[in-house]
Amino acid sequence: MSRPELKASQDAWANYVYLRDNPMGPHEELWYHGFGCGAWLVVTRNTKTHEVLSVKAAKP
Amino acid sequence: MSRLPTGGLIDRGKTCRFRFDGKTYQGYHGDTLASALLANDVRLVGRSFKYHRPRGLFTADSSEPNGLAQIGDDPNVKMTTVELHDGLNAQSQNRWPSLKYDALAVNGLLGPIFSTGFYYKTFMWPASFWEKVYEPLIRRAAGLGRLSGKTDERAYARHFAQCDLLVVGAGPAGLMAALTAARSGAKVILADEDFRLGGSLLSQNIEIDDRPASQWAEHITDELASMSNVTLLPRTAVFGVYDGGIFGALEKQPQTDGYRVWTITARHGVLATGAQERGIVFGGNDRPGVMLASAARTYIRRYAAVPGQKALVFTSTDDGWASARELQNAGVEIAAVIDPRTAVSPDLQLGLDAPIHLGATVENTKSKSAHKILARMRAADGGVQMVPCDTLAVSGGWAPNIGLACHLGSRPIWHDEIHGFVPGDLPKFLSAAGSATGALTTSTVLQAGADTARQILEALGITPKAIDIPPTSQAAHSLAPVWQVKGKAKAFVDMQHDVTASDVRQANREGFQAVEHVKRYTTLGMATDQGRNSNLNGLAILADARKVSMADAGLTSYRPPYVPVPIGAFAGEHRAGKFRPTRYTPSHDWAAARGAVFVDAGQWKRAQYFVKPGETHWRQSVDREALSVRTSVGFCDVSTLGKIDVFGPDAGVFLEKLYINGWQKLAVGKARYGLMLREDGFVMDDGTTSRLRDDFYMMTTTTAQAGRVFQHMKYVHQCLWPDLDVHFVSVTDQWAQLALAGPKSRDVLRQLTSADVSNEALPYMGAIEADILGVPGRIYRLSFSGELAYEVAVPTRYGEALCNAIMDAGATYDICPYGTEALSVLRIEKGHAAGPELNGQTSAFDLGLGRMMSKKKDFIGRKMGERAHLNNPSRPTLVGLKAKSPQALFQSGAHLMPQRADTNAANDLGHVSSAAYSPNLQCHIALGLVEDAENHMGETLRAVDLVRDRETLVEVVSPHFIDPEGERLRV
């Protein structure tokens, strides 16, 4: 979600494009409601229990 | 016949004639195939997987490891779950030539080579033997059942349901839970895999509420069936528990012989799945006639089928003694009751007219036929006695059915009192009740069902109604764990996969300690029964070998599906032509009537070429169509291209985020080619976008990427630049769009519209809204072919009318419709990249479009696309390829090698991406991607096609075969 500025370093961009955190526990993810309204959603999910903690639309 | 004259839950008024291995038998409505076979004295029902040992029925339920039949086209059907019906025709499996005389039984003598891990050890070398020798051999000898190879015509359906409470299992716990919830007004679904609800109550000789247990079950079932808030699902196995309280269930539909998959969303689920009796591992414990004591009781009480005349009962549980009494009551002579416990409650022996041996075990069995067993008993004093019998009823304890409880990753916990695993911490929407949690007597199970339901209802905000727990006649219950009687003879842990106790011990000796590893090495518990009879016994042997406790040895994971589910049942109606939607172009019927041959392009059917009378080869049609466009005029349906209306004050800014080039300054009435990158800098898609009004752009995508690009646009807008004031909508299906191409295209177009389409009014890359055939349409002066060309759009419903009008208007120019083949020939001749070049591995630079990348703005993929190695001339870049000799054929997929070099990966310079025969150049040409293309320009390379075994000399040329200056476009 935090897309770097154009002037940011290649490292910052590589980190943004390729590297993903993989925490155990609560984690913010982007989900796409593909079979429904087509909304992108910010889902906070516990990666250990798969419990969905909150959902909000990416575009308020 | 071994059918009792009275009793059982069978309908003696309805006889069913059925066939097994070609022979005709008779049973009753209410029988299973298994009980009917047993009632007909058929005791040999299958051969084992590895050793082809004779096997009989071991259980009376869905955990059956031995009684597998081929019924119709279905292999591996458990005889114990097949509802008998008139005309049923079943065959035994895994035998050749017949069940009685099996040629492969000699495998038993070859035991050593079939030992643990034999797949890994025996069939290793030489590697060349794999395909020709080992694999066919293994496939013939092993394998459970055979597929028919025919199309599955069975009726499959899918059904979705919601409820407050889903109760899995209709035994005493499930019935009480369902009743409690149903009387409280909750919406209840009660599912049970059996065709008759009642579970263990159907085969227990106890009373509930002063009536036989099976009658009580029927009474409760009737009450539930009468309630509108209850759905009863007999013949329905819940096979999976999924996130958020979603359950998968497979319903067998006897009317159609089909299946229905239920997707049930429940606010809460109760697993009342009961417990499974365990056998004991001892030598020869797999002979026909050896069966679970509870199964023997079930055959007698539920089906009035007597498993034999003389039974030996080997039990370490009180329940085994109850089964012994049941056998005796059915007129079976009890050869002996053998219990490894040195003391049991004296009550157990009441009324039993049989020798009783406490502290004794069965060590081994011998058998000369399926009707005789000679059991070798080791008495408490160490003495040995041979006991003849024809049935050996075994009871080693009870294992709660916890499979479903573990589907979401919950780990089971060890229960010391019942010596088994019970569900651990369950997801919030799931509970377990009754024997599934280790309860042993019917009264506690009934209580647990009611209590569990009450707690759930309260949590769901439904007021529970008080319910009386009916009194039962069942006594208390105790058991001692006996897993294995050690000995030298083959003692089977997993009968379906022929895994023995010594296999498990050997695996441990070879270093396999973790239970998951032992499972895979020995294949223990990996057959169709998923180890329901074998997991716990195997684990006990492993724990013993490792000298650790059962709890420490751990249990293998359970994953869905809990019972085998036909793939077709998941697919439901989504098969053959209904596998996915088929999309038809607006000109489909029109084209079909004019000889079009169609090709699949994703979901679309597109006209590939149009066969005219006299044309016998597709090339004749395609060459004619392509030449017609170059010399006169042709038209092609391009409605499949993705079309997206982009509106709003920020539409231009938004497009500049999506595309590498500029859009804000594009004049109204103009179109522009756009290239889209992924954020990692590689090309995602391309297409033309036209500015029709100040705040309205009409964007097109490739046919293949239309859906993906639309999703990407939503991401860019909603997640990256949500403040942009822009709206967009897919209008692909709203417009019929025809490409009208060729030097005469303007002359044809003039006849369709009142708009001024002169070169001055509508120059190359112009785009206007115009009246076409009297309806509002659009004209874009775009060219994919390289000729003077237009794309004409009208609302979809006028697509066919437009085709007819174009044909009429073009008649004097001998106009013809053309398909995707000619479209492809024309674009290859012109050097336009398409799908095979936009393959996810090419950069803008690779396609010769690097200079399009704007330096003035941020756009998706700019930073990563600017990386030096994506702009390196040594990368494979777009070139043209031309066969050296006119007739020489080469096709896409061929790799390009230098003339004087070996054909290998190191010498590979690139590949042919799109190839065609050019009727204009009169030779085969292609586009390709070639490393360091500049230095190879003009060079002759070998196009090596290893798949088609062909090699062709080709020249590297510019990709612009036709009109490189673009003069034809602008006339």
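Predicted model: local features only at pLDDT ≥ 70, side-chain atom pairs only at ≥ 80, totals over all residues.

Entry one, a buried arginine. I began with B:Arg302, which counts as buried at 5% relative accessibility. What does B:Arg302 form a salt bridge with? I found B:Asp194 as the partner, with the closest N and O atoms 2.6 Å apart. B:Asp194 is partly exposed, its relative accessible area being 22%. I then placed both ends: B:Asp194 sits in the loop between β9 (188-191) and β10 of chain B, and B:Arg302 belongs to helix α6 (residues 293-303) of chain B, so the pair ties together parts that are 108 residues apart in sequence.

Entry two, an aspartate with two partners. I looked next at B:Asp544, which counts as partly exposed at 33% relative accessibility. One salt bridge joins B:Asp544 to B:Lys486, with 3.0 Å between the closest N and O atoms. B:Lys486 lies in the loop between α8 (442-460) and β29 (492-494) of chain B while B:Asp544 is in helix α11 (residues 535-546) of chain B, so this pair ties together parts 58 residues apart in sequence. The side chain of B:Asp544 also meets that of B:Arg505 in a salt bridge, at 3.0 Å from N to O. Here the link runs from helix α9 (residues 501-509) of chain B, which holds B:Arg505, to helix α11 of chain B, 39 residues apart. Is B:Arg505 buried or exposed? I noted 18% relative accessibility for B:Arg505, so this residue counts as buried. B:Lys486, by contrast, is exposed, with a relative accessible area of 54%.

I searched the whole structure and got 45 salt bridges over all chains. I also wrote down one network, in which salt bridges that share partners join B:Arg53, B:Arg55, B:Asp286 and B:Asp498.

Entry four, surface patches. Which residues gather in a patch of negative charge on the surface? I listed B:Glu207, B:Asp209, B:Asp210 and B:Asp468. I followed up on B:Asp210, which has its place in the loop between β10 (207-208) and β11 (211-212) of chain B. B:Asp210 is exposed, because its relative accessible area of 68% is over the 50% cut-off. Then I turned to a nonpolar surface patch of about 230 Å², made by B:Leu374, B:Val384 and B:Met386. B:Met386 is found in strand β23 (residues 384-389) of chain B, and is partly exposed with a relative accessible area of 39%.

I traced an open sheet of 6 strands in chain B, with mixed pairing and the order β41-β42-β43-β40-β34-β44. Which strands stand at the edges? They are β41 (767-772) and β44 (816-817) of chain B; each has a single partner strand, so one side of each is left without a neighbour in the sheet. I also looked at one pairing inside this sheet: strand β34 (residues 634-637) and strand β40 (residues 735-741) of chain B pair in the antiparallel sense over 4 bridges.

Note on methods
Residues numbered from 1 in each chain as written. Chains lettered and ligands numbered in written order. Heavy atoms only, no water. Patch = residues over 30% accessible without salt bridge, like charges linked within 9 Å, V, L, I, M, F, W, Y side chains within 5 Å. Areas by Shrake-Rupley, 256 points an atom, 1.4 Å probe, with all protein chains shown as cover. Lys, Arg positive; Asp, Glu negative; His and termini not counted. Charge placed at Lys NZ, Arg CZ, Asp CG, Glu CD. Buried < 20%, exposed > 50% of the residue type's maximum accessible area, 1.4 Å probe, protein only. Pairing = 2+ DSSP bridges.
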